[in-house]
Amino acid sequence: MFLWALFLIALTASYLSFQIFVDSGSRYFTSSWGGIHWEKQVRTSAQIHRQNGKVVLVTGAAGFVGTHVSLALKKRGDGVVGLDNFNSYYDPSLKKARRALLTSHNVFIVEGDVNDAKLLAKLFDVVAFTHVMHLAAQAGVRYAMENPQSYVHSNIAALVTLLEACKSANPQPAVVWASSSSVYGLNEKVPFSESDRTDKPASLYAATKKAGEAITHTYNHIYGLSITGLRFFTVYGPWGRPDMAYFSFTKNILQGKPITVYRGKNRVDLARDFTYIDDIVKGCVASLDTAGKSTGSGGKKRGAAPYRIYNLGNTSPVTVPTLVAILERNLKMKAKKNVLDMPGNGDVPFTHANISLARRELGYKPTTDLPTGLKKFVRWYLSYYGYVPGKVVN
Ligand SMILES: NC(=O)c1ccc[n+]([C@@H]2O[C@H](COP(=O)([O-])OP(=O)(O)OC[C@H]3O[C@@H](n4cnc5c(N)ncnc54)[C@H](O)[C@@H]3O)[C@@H](O)[C@H]2O)c1
């Protein structure tokens, strides 16, 4: 009996040590983080170069918005550390080119997944982040029908992992994160205001952002995390996202390929409150600057912390045919348009932001109209892809 017990204990112990070996071994072989050199890169990137500067962890830093926000913070002297998993939802070479841009400005992007709790704990161990700018997400409304799990992975599970890390950090950072105008779903009252109901999502993407607003509220309520949720309205501009209409339209027009223009019920044109990236960046930075402190420590709240939600839009919706006409003017080429009825797969007929709250509390004031912003986008596109008229673009 005694020998049997001894044998079982020995077996369990060797199994556990094997698991630890496998765990650390797999991390050693598969992960691209850790080590003295890595820690030095993280610390250097986090260094502040102005008085009362912030130290910000930017998730999704190799993404469109993340790159611009990281640059803006670094340029004014804040410490910035990026985090991105460089997934292949769209061409990762564009994410790598954005990383190269950030590297040239001394911003280091850690390659890893927000779901990696050990990595987050390590980052908070190495750097006392004052703020987290959470922009990592699975974006896009139509892709949710192809790969729904990626939305659960990046917009729900990763958010909880991140909030757990923030809750346990000492001191706790203030969290600013990207929700979306898509939470307004099928609402018909315009313009969309923060106090409107958001219980008619039209896509799984929208539903995960709505869930994010509820999840962040819980962490604010229980653990005293300072939370600011930003509902972005169709952001566009240089270094933008290839899956978005203005980007793919530009590519197809240049290649002489047809573009699909959807229209809504009764042949009404779809319209979007297109918001230029520099305006969004100003809104993000103002949110970080005005975010009150988190109040918890050791997993306990010491008092109420701010919970804020703002629309960041442009307040002047433009129809999709007008967007196409502006692109045609800039590219000096005609689009071959296929006009189709909008399928019910996630898109909404229009978006229009009421930005009074952001104007009042953040001093947010968008200044770039669509023709001006698209001109800058087209200039970037042509130089980035090295387009020469008459040559096929890839
Ligand atoms: N661009 C818009 O028009 C718009 C509108 C509304 C809301 N948003 C939101 O703003 C944020 C930024 O959007 P964007 O346009 O820059 O998108 P993006 O796809 O360019 O950037 C997101 C980045 O996050 C990374 N990422 C995704 N899942 C991750 C994970 N689990 N771990 C680590 N990294 C991960 C991706 O690799 C990508 O680089 C997102 O939360 C998005 O939902 C964007």
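This briefing covers the ligand shell, several helices and strands, and a few backbone features of one predicted model. Because the model is predicted, local features need pLDDT of at least 70 and side-chain atom pairs count only at pLDDT 80 or more, while totals for chains, interfaces and linings use all residues. Residues are numbered from 1 along each chain as its sequence is written. Helices (H or I, at least four residues) and strands (E, at least two) are DSSP runs numbered from the N terminus. A residue is called buried if 20 or more other C-beta atoms lie within 10 Å of its own, exposed if 12 or fewer do, and partly exposed in between, with C-beta atoms placed from the backbone.

**Ligand shell**

- There are 28 residues around the ligand, of which Gly60, Gly63, Phe64, Ala137 and Ala178 come nearest; a residue is near a molecule or strand if its C-beta atom, placed from the backbone, lies within 6 Å of it.
- Two or more residues of this shell come from each of helix 3 (64-75), strand 2 (79-84) and helix 6 (148-168), and helix 3 gives the most, with three residues.
- By class, the shell around the ligand holds 14 nonpolar, ten polar and four charged residues, where Ala, Val, Leu, Ile, Met, Phe, Trp, Tyr, Cys and Pro count as nonpolar, Asp, Glu, Lys and Arg as charged, and the others, Gly among them, as polar.

**Helix 3**

- Helix 3 has twelve residues and reaches 17 Å from its first C-alpha to its last, close to the 16 Å expected at 1.5 Å a residue, the expected span being 1.5 Å times one less than the number of residues.
- Ten of the twelve residues of helix 3 are buried, so that the helix is mostly covered; among them are Phe64, Val65, His68 and Lys74.
- Glycine 77, which follows helix 3, has a positive phi near 105°.

**Helix 12**

- The 15 residues of helix 12 (residues 370-384) should span 21 Å at 1.5 Å a residue, and the end C-alpha atoms are 20 Å apart, which agrees.
- Leu370, Gly373, Leu374, Phe377, Val378 and Tyr381 are the buried residues listed for helix 12, and they cover an arc of only 135° around the axis, which puts them on the same side of the helix; the arc is that of the directions from the helix axis to the C-beta atoms.
- On the other side of helix 12, Thr372, Arg379 and Ser383 are exposed.
- The buried residues of helix 12 pack against strand 7 (235-236), helix 8 (245-255), strand 10 (275-276), strand 14 (318-319) and helix 10 (320-331), with two residues taken to be in contact if their C-beta atoms, placed from the backbone, lie within 7 Å.
- Just after helix 12, glycine 386 takes a positive phi of about 60°.

**Strands**

- Five of the five residues of strand 5 (174-178) are buried, so this strand is largely enclosed by the rest of the structure.
- In a regular strand the side chains alternate between the two faces of the sheet.
- Both faces of strand 5 are covered, with Ala174, Val176 and Ala178 buried on one side and Val175 and Trp177 buried on the other.
- Strand 4 (residues 131-134) and strand 5 pair in the parallel sense over four bridges, pairing being assigned if DSSP finds at least two bridges between two strands; histidine 134 stands opposite tryptophan 177 in strand 5.
- Strand 15 (residues 336-341) is hardly covered, since the count of buried residues among its six residues is zero.
- Strand 15 pairs with strand 8 (residues 258-263) in the parallel sense over six bridges, and asparagine 338 in strand 15 is the bridge partner of threonine 260.

**Backbone features in loops**

- A cis peptide bond with omega of about 5° joins asparagine 170 and proline 171, and proline 171 is found in the loop between helix 6 and strand 5.
- Another cis peptide bond, with omega of about -10°, joins valine 190 and proline 191, the latter placed in the loop between strand 5 and helix 7 (204-223).
- Threonine 234 has a positive phi of about 20° although it is not a glycine; this threonine is in the loop between strand 6 (227-232) and strand 7, and it counts as buried because it has 21 C-beta neighbours inside 10 Å.
- Tryptophan 239, in the loop between strand 7 and helix 8, has a positive phi near 65°, and is buried, with 20 other C-beta atoms within 10 Å.
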